[in-house]
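Subject: Structure handover

Hi,

Here is the structure for your files. My notes on it follow below.

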Number of protein chains: 2
Amino acid sequence: MVKPDLIIQGGTLLTMVEGEPPVRDATLLIQTGRIAGLMAPGDARPDFKGVQVLDATGTLVMPGLVNAHGHTAMTLFRGLADDLPLKQWLFEKIFPAEAKHLSEETVYWGALLGCLEMIASGTTTVSDGYFFQDATARAFQKAGIRALVAQGVIDFPAPGVPDPAQNLAVGKAFIERWDHVSDLIRPGLFCHSLTTCSDRTLQEAMAISRNFSLPLQVHLSETREEAEEVVRRSGERPVLHLARLGLLNQSLIAVHAVHLDDEEIRLLARHKVGIVHCPQSNMKLASGTARVAEMLKKELSVGLGTDGCASNNDLDLFKEMDTAAKLGKIATLDPVSTGAATVLKMATIGGAKVLGLDKEIGTLEVGKKADLITIDLNKPHLAPLYNPLSTIVYSASGSDVRDVIVNGKVLMKDRTFTGLDAKEVMAKVREISDRIRT
Amino acid sequence: MVKPDLIIQGGTLLTMVEGEPPVRDATLLIQTGRIAGLMAPGDARPDFKGVQVLDATGTLVMPGLVNAHGHTAMTLFRGLADDLPLKQWLFEKIFPAEAKHLSEETVYWGALLGCLEMIASGTTTVSDGYFFQDATARAFQKAGIRALVAQGVIDFPAPGVPDPAQNLAVGKAFIERWDHVSDLIRPGLFCHSLTTCSDRTLQEAMAISRNFSLPLQVHLSETREEAEEVVRRSGERPVLHLARLGLLNQSLIAVHAVHLDDEEIRLLARHKVGIVHCPQSNMKLASGTARVAEMLKKELSVGLGTDGCASNNDLDLFKEMDTAAKLGKIATLDPVSTGAATVLKMATIGGAKVLGLDKEIGTLEVGKKADLITIDLNKPHLAPLYNPLSTIVYSASGSDVRDVIVNGKVLMKDRTFTGLDAKEVMAKVREISDRIRT
């Protein structure tokens with residue numbers, strides 16, 4: 001019998017394993033970063049003396065949430081520009097701010113601020129795509145959060161990559177620096193979109209990704225205009241174009257996937273491409289509504305993403321879950337569509353599967369990584385409790401998360417960050433924002 | 001010079017008066033429940049010795065939010081039934097639970113739980129329509145929240161009103177008991193809908209309401225089926241039918257107003273009918289999307305409502321604001337539509353106007369009631385701060401509210417309820433929920 005490092009007991013456990021009901025008064029044993037035991041009240045409990053115990057009485061204990069798509073350091077631009085026409089927002093506000101103000105230093109602090117926010121709202125894994133990704137990876141490592149960190153690839157001059165001819169070389173070098181360096185950080189590439197990356201760039205990015213057995217992220221058909229531009233240039237729908245380029249496979253993560261026809265959904269499903277749904281961003285930018293219910297019917301893996309803070313404007317996956325459920329219903333005019341259980345799966349094991357991490361995270365099972373959160377039920381808006389899934393999706397907010405554990409390590413205890421200095425990070429970002437504002 | 005009872009100083013003030021920019025380091029003087037003075041940093045400040053001071057440094061100070069439509073005691077059924085077809089949800093779950101479990105006692109505790117939740121998320125005024133409204137009014141009075149409390153009127157046997165022939169008499173007696181009893185509570189009537197109330201009931205309810213100079217609330221065209229049923233029965237669209245019955249006037253509050261044609265919107269605008277938009281409820285029940293942008297263009301007054309907790313499932317107007325903005329954009333495919341300023345107006349002065357309370361609340365102005373909240377900006381997800389309106393609507397949650405003041409009285413200070421015993425209320429509601437569950 002192994003001796004655990006940490007015992008979590010007394011909470012109501014939601015393993016998120018298909019078909020497993022909530023277990024009241026459960027005990028979890030954690031050892032060297034993994035779940036070593038799960039016990040119900042009747043099970044024999046050896047007496048582990050001197051082991052750290054986290055009393056989870058009055059909480060729900062569940063897998064940490066997986067933010068399957070974000071641009072974390074864009075916290076720097078949160079609220080800088082809203083309620084504008086898309087092109088004005090992007091070309092007059094966001095792109096110039098990025099060009100002028102992104103650096104190793106600003107991305108580091110922006111990513112750390114995002115980590116604080118994600119930890120405080122129960123996210124334990126994030127898939128990030130941006131620039132200056134060494135800084136992002138260092139921030140994630142410092143925060144102790146699990147992450148896929150993908151270097152942005154775009155065939156235009158980009159922050160930190162002034163020469164587009166170097167974009168893949170920069171990305172590959174980034175991967176080489178971070179591959180297998182840490183248990184928590186997986187590097188990768190993020191191709192901005194089919195209209196901003198050439199066919200050759202997309203193909204080479206996929207070749208590099210497969211060579212390292214890493215996923216390749218790409219924004220796919222986020223807006224109608226983007227999909228139409230692909231059709232205009234290539235003569236075929238975006239997913240068919242990806243198919244012809246040989247890019248449809250399990251390594252591909254298609255983000256947004258808003259404007260798809262039936263054949264495209266079928267193709268994505270057949271090739272087991274991972275999908276990331278970003279409902280709040282799609283609503284705020286008026287991009288359109290992804291056909292999530294149909295994708296799930298075709299057994300596509302779908303995760304949930306917040307997207308960046310300039311188009312959301314937060315990294316709270318609880319709000320994202322609530323929105324995903326409600327948007328799914330209003331879009332189909334079917335109140336049964338995208339229910340609480342479906343959405344909660346998207347935010348946990350669904351996202352894990354999309355990122356290729358479902359063997360390690362996404363459910364609470366013996367042998368998996370100890371990435372988990374507790375939700376404090378002792379709040380007026382979480383009472384009464386008829387159905388934990390419904391409570392989590394429709395009533396809870398990120399601020400109801402009490403404790404956060406990643407890789408067996410407690411990152412937030414009773415809403416206090418154990419590792420990061422929130423005051424310092426906020427002060428640094430405020431300094432940076434004073435430069436951006438002017 | 002009057003001597004204030006309470007001084008609030010150091011925060012950034014958002015008066016919500018049209019055209020007034022945020023005032024940094026502002027001072028508010030409060031006296032006998034009203035705002036007696038508003039000062040910017042340069043203004044002369046007499047030295048008030050011995051007066052209670054609330055230090056609002058690091059917060060936004062703004063008008064308390066107005067929840068323009070709710071069924072507060074439905075907190076009792078939060079999460080009892082979700083993700084079901086509308087008829088099954090209503091006729092197999094909610095109506096039977098209401099019939100069996102509503103009483104003076106259960107409504108009182110359910111309403112108190114709702115008050116805790118509303119205070120904790122910055123709502124200072126609520127417009128409630130339900131049954132056993134003496135209990136609701138007592139709960140609101142106990143909580144110190146400002147409210148319009150409307151007795152439900154429906155031409156079927158209802159909770160507490162077994163004989164529908166008595167529904168208006170019950171409602172009128174309720175109004176008589178509560179009219180002018182309290183500065184905070186205004187009674188009234190709430191006609192359930194045009195399909196569940198006869199023309200005569202609607203007309204009599206309006207006559208009673210006008211007689212007491214009180215608004216009359218009614219669910220209007222929440223679902224397509226409801227609107228179609230009115231057309232089938234009366235041969236005319238619901239708003240035209242209301243017009244023929246003589247019900248279109250400033251006393252009418254039309255809730256939901258989802259399925260309206262252009263003529264109906266014009267008619268509602270011409271007669272200055274108040275509209276309440278309930279985006280989260282409309283999404284979750286897949287009712288449809290109200291044409292808010294068009295209504296605002298026609299200068300209709302629009303407030304924001306959470307609806308009941310069985311169809312939302314919370315009373316957090318911050319979430320509702322975020323959703324209202326994003327739903328407005330995705331529904332019109334226009335990212336400029338329903339921006340932060342518009343939505344924030346709906347949740348404050350807009351709602352106040354709909355409820356006929358805009359002379360008293362909804363903005364922070366000298367002479368108005370001191371109903372206000374502070375928002376703690378010292379949170380990772382609220383940094384940096386470029387635009388307070390955007391921060392409030394797109395990034396903040398109810399849990400970021402730090403202090404709540406209604407009628408000059410502090411109801412929550414530094415997130416601690418000053419009057420209500422949250423533990424007791426939650427325990428009572430959990431007891432009731434144990435009976436409901438079985």
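Buried means under 20% relative accessible area, exposed means over 50%, and partly exposed lies in between (1.4 Å probe, protein chains only). By that definition Thr338(B) is buried, with a relative accessible area of 7%. Its place is the loop between H11 and helix H12 (340-354) of chain B. Helices (H or I, at least four residues) and strands (E, at least two) are DSSP runs, numbered from the N terminus. Phi of Thr338(B) is near 35 degrees, a positive value in a residue other than glycine.

Some ground rules. This is a predicted model, where local features need pLDDT of at least 70 and side-chain atom pairs count only at pLDDT 80 or more, while totals for chains, interfaces and linings use all residues. Residues are numbered from 1 along each chain as its sequence is written, chains are lettered from A and ligands numbered from 1 in the order in which they are written, and side-chain values use heavy atoms, with hydrogens and water left out.

Contact means heavy atoms within 4.5 Å.

**Helix packing in chain A**

Two packed helices are described by the angle between their axes and the distance between the axes. Helix H12 (residues 340-354) of chain A packs on helix H13 (residues 388-395) of chain A at about 70 degrees, with the axes 9 Å apart. Axes are lines fitted to C-alpha atoms, for helices over the stretch in contact, and angles run from 0 to 180 degrees between N-to-C directions. H12(A) and H13(A) are therefore roughly perpendicular. Angles under 35 degrees count as roughly parallel, over 145 as roughly antiparallel, 65 to 115 as roughly perpendicular and the rest as oblique.

H12(A) brings Ala340(A), Ala341(A), Val343(A) and Leu344(A) to the contact. H13(A) brings Leu389(A), Ser390(A), Ile392(A), Val393(A) and Tyr394(A). The residues divide into eight nonpolar, one polar and no charged. Here Ala, Val, Leu, Ile, Met, Phe, Trp, Tyr, Cys and Pro count as nonpolar, Asp, Glu, Lys and Arg as charged, and the others, Gly among them, as polar.

Ser390(A) deserves a look. Is it buried or exposed? At 1% relative accessibility, Ser390(A) counts as buried. Leaving aside neighbours within four places in sequence, Ser390(A) contacts Ala340(A), Ser395(A), Gly79(B), Asp82(B) and Asn313(B). Asn313(B) also has a backbone feature: a cis peptide bond joins Asn312(B) to Asn313(B), with omega about 5 degrees.

**Strands**

Two strands pair if DSSP finds at least two bridges between them. Strand E14 (residues 372-376) of chain A is mostly covered, with four of its five residues buried. E14(A) pairs in the antiparallel sense with strand E5 (residues 59-63) of chain A over five bridges. E14(A) also pairs in the antiparallel sense with strand E15 (residues 401-406) of chain A, over four bridges. There, Ile375(A) stands opposite Val401(A).

Val401(A) is also among the contacts of Ser121(A), not counting residues up to four places away in sequence. Ser121(A) is buried at 5% relative accessibility.

In chain B, strand E15 (residues 401-406) runs antiparallel to strand E16 (residues 409-413), joined by three bridges. The two form a hairpin with two residues between them, and Asn407(B) in the turn has a positive phi of about 55 degrees. E16(B) then forms a hairpin with E17(B), again with two residues between them. Asp414(B) in that turn has a positive phi of about 50 degrees.

**Other backbone points**

A cis peptide bond joins Ala383(A) and Pro384(A), with omega about -10 degrees. Lys272(B) has a positive phi of about 55 degrees although it is not a glycine. Lys272(B) is exposed, with a relative accessible area of 55%.

Best wishes
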